Amino acid sequence: MTYEENWRHRLHDLQETALYRTLPDEIARQASLVSMPSGRSYLNFSSNDYLGLSGHPALIKAFERGLREGGVGSGASRLVTGTMSAHCRLEESLAEYKGTEAALIFTSGYAAALGTIPAIVGRGDIILMDKLSHACLVDAARLSGAQLRVFPHNDMGKLERLLVWSRKQRKPNSTVLVVTESVFSMDGDTADLIPLVELAESHDAIVLLDEAHATGVIGPRGRGLAAELGLTKRIAIHMGTLSKALGCAGGFIAGSSTLIQLLVNSARSFIYSTAPPPALAVAAQMAIQLVNSQDGEDRRQNLRANIELLEKLLDMPPRSSPTPIVPIILGDEKRALAAAQGMRKSYKLILPAIRYPTVPRCKARLRISLRADHTHADLRQLADGLKPWCISN
Ligand SMILES: *Cc1c(COP(=O)(O)O)cnc(C)c1O
């Protein structure tokens, strides 16, 4: 078999099992309503730009200013000549926002995870991870060489047993790192964070909390779930992304100055990668200012109202924490694809069909992501489109 034949075989296998992925139609700009090249418009329920900040005039202005002042590319890694004022000001703002001593930005949330976990743990250490953690956390854990154990989603009993086990297993001075997310990206529920932090503390383990979907959205001024629960000081490593509710691109870690110094010295995705464009850092700093402002508060208020309305329209059982992510679990991969296509064709709705390996096999789903700028009429249109799928579910 030639290598091209081999590749075609692999693609064919994906098609057979409804796991084949294609890029969606290109759009000129993402918003709550998107226009396709065909000229048709669709309601967008698939973006993580929860507050609609990516198109905010103040953010665009900040980006333009950053571009004029700093140029496009940063030209080098942060440790060479890539450290610019824009990066430093953003890191100061992030640390202040998160209530930590320091912060460090990466080119993406993915790069933040990939650099940070292997900088903190390695061979001889142990990682205990929630089963539903994002792929970047799983990849980072594997890369680190630490022993990885997974606990069922939010199963604190199992986490406790693993912590007891790791106590016996671990060598002196080794690290046990508990990894979880605050808002789970494919299920929209939240971590059982208070018992998790208490368990970690009582077994001498540290916590990494990925707040990708909570940053800007959950907690006071959108500071995240740790801030909402008063746990900031008790979590060693706070992770977040600039690319979701903050409407920009990039990732960050917040924590103690010692942690940040260690990452500057050991996080390979930070050391061996060109610094993010300075304009992006200027824009992200504006995004932090916006989520902190009354404008941000109003947007979160609209988002919360939209979440409540959707829960009502879909007759959903109450959730412990209202988040903008709502999965409609359909099970079969082909069914999820058909639902996404039907939604798009008949109701002009864009909803992604999320399939294996993003979620387990036979747990395929439509994932709704709500935005602050969806109107109530938009939500009614969504509920109408979903009705046939929700009822037969
Ligand atoms: C999106 C996401 C990331 C990655 O962030 P990017 O900035 O998009 O690379 C990390 N963790 C979680 C939970 C995410 O949902």
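Predicted model: local features only at pLDDT ≥ 70, side-chain atom pairs only at ≥ 80, totals over all residues.

Visitor: How many salt bridges does the count come to?
Guide: The count is 13 salt bridges, taking one as a side-chain nitrogen of Lys or Arg within 4 Å of a carboxyl oxygen of Asp or Glu. Residues are numbered from 1 along each chain as its sequence is written, and side-chain values use heavy atoms, with hydrogens and water left out.

Visitor: Okay, which residue meets R78 in a salt bridge?
Guide: That's E91, with an N to O distance of 2.9 Å. R78 sits in helix α3 (residues 78-82) and E91 in helix α4 (residues 85-98), so the pair ties together parts 13 residues apart in sequence. Helices here are DSSP runs of H or I with at least four residues, strands are E runs with at least two, and both are numbered from the N terminus.

Visitor: Is R78 buried or exposed?
Guide: R78 is buried, at 9% relative accessible area, and E91 is buried as well, at 10%. Buried means under 20% relative accessible area, exposed means over 50%, and partly exposed is in between, with a 1.4 Å probe and protein chains only.

Visitor: What does K98 form a salt bridge with?
Guide: K98 goes with E211, and their closest N and O atoms are 3.8 Å apart. K98 is in helix α4, while E211 is in the loop between β7 and α9 (225-228), so this pair ties together parts 113 residues apart in sequence. Both K98 and E211 are buried.

Visitor: And where are R300 and E297?
Guide: They're in helix α13 (residues 294-313), 3 residues apart, which means a separation of about one helical turn. R300 is buried at 2% relative accessible area, whereas E297 is partly exposed at 23%. There's also a network of salt bridges linking D49, R371 and D373.

Visitor: Changing topic: how many residues surround the ligand?
Guide: 15 residues, and the closest are D210, H213, T241, S243 and K244. The cut-off is a heavy atom of the residue within 4 Å of the molecule.

Visitor: Which atom of H213 lies 2.6 Å from an oxygen atom of the ligand?
Guide: A polar side-chain atom of H213. S243 also puts a polar side-chain atom 2.7 Å from a ligand oxygen, while Y110 uses a polar backbone atom, 2.9 Å from an oxygen of the ligand. The protein covers 85% of the 380 Å² of accessible area that the ligand has on its own. Accessible areas come from the Shrake-Rupley method with a 1.4 Å probe, and for residues only the protein chains shown count as cover.

Visitor: Which elements give two or more residues to the shell around the ligand?
Guide: Those are α5 (109-120) and β8 (237-241).

Visitor: How many residues of β8 are buried?
Guide: 5 of its 5 residues are buried. I237, M239 and T241 cover one side, with H238 and G240 on the other.

Visitor: In what sense do strand β7 and β8 pair?
Guide: Parallel, over 3 bridges, with strand β7 being residues 206-210. Two strands pair if DSSP finds at least two bridges between them. D210 has M239 as its bridge partner in β8. Strand β9 (residues 251-255) pairs with β8 in the antiparallel sense over 4 bridges, and there I253 is the partner of M239.

Visitor: What about the sheet with β1, what's the strand order?
Guide: It's an open sheet of 3 strands, β1-β2-β11, with mixed pairing. The edge strands, β1 (33-35) and β11 (349-350), each pair on one side only. β1 pairs antiparallel with strand β2 (residues 41-44) over 3 bridges, and L33 stands opposite L43 in β2.

Visitor: Last one: where does S174 lie?
Guide: S174 is in the loop between α7 and β6 (176-181). At 11% relative accessibility, S174 counts as buried.

Key: Polar contact = N/O pair within 3.5 Å; in protein donor to acceptor, adjacent residues only side chain to side chain.
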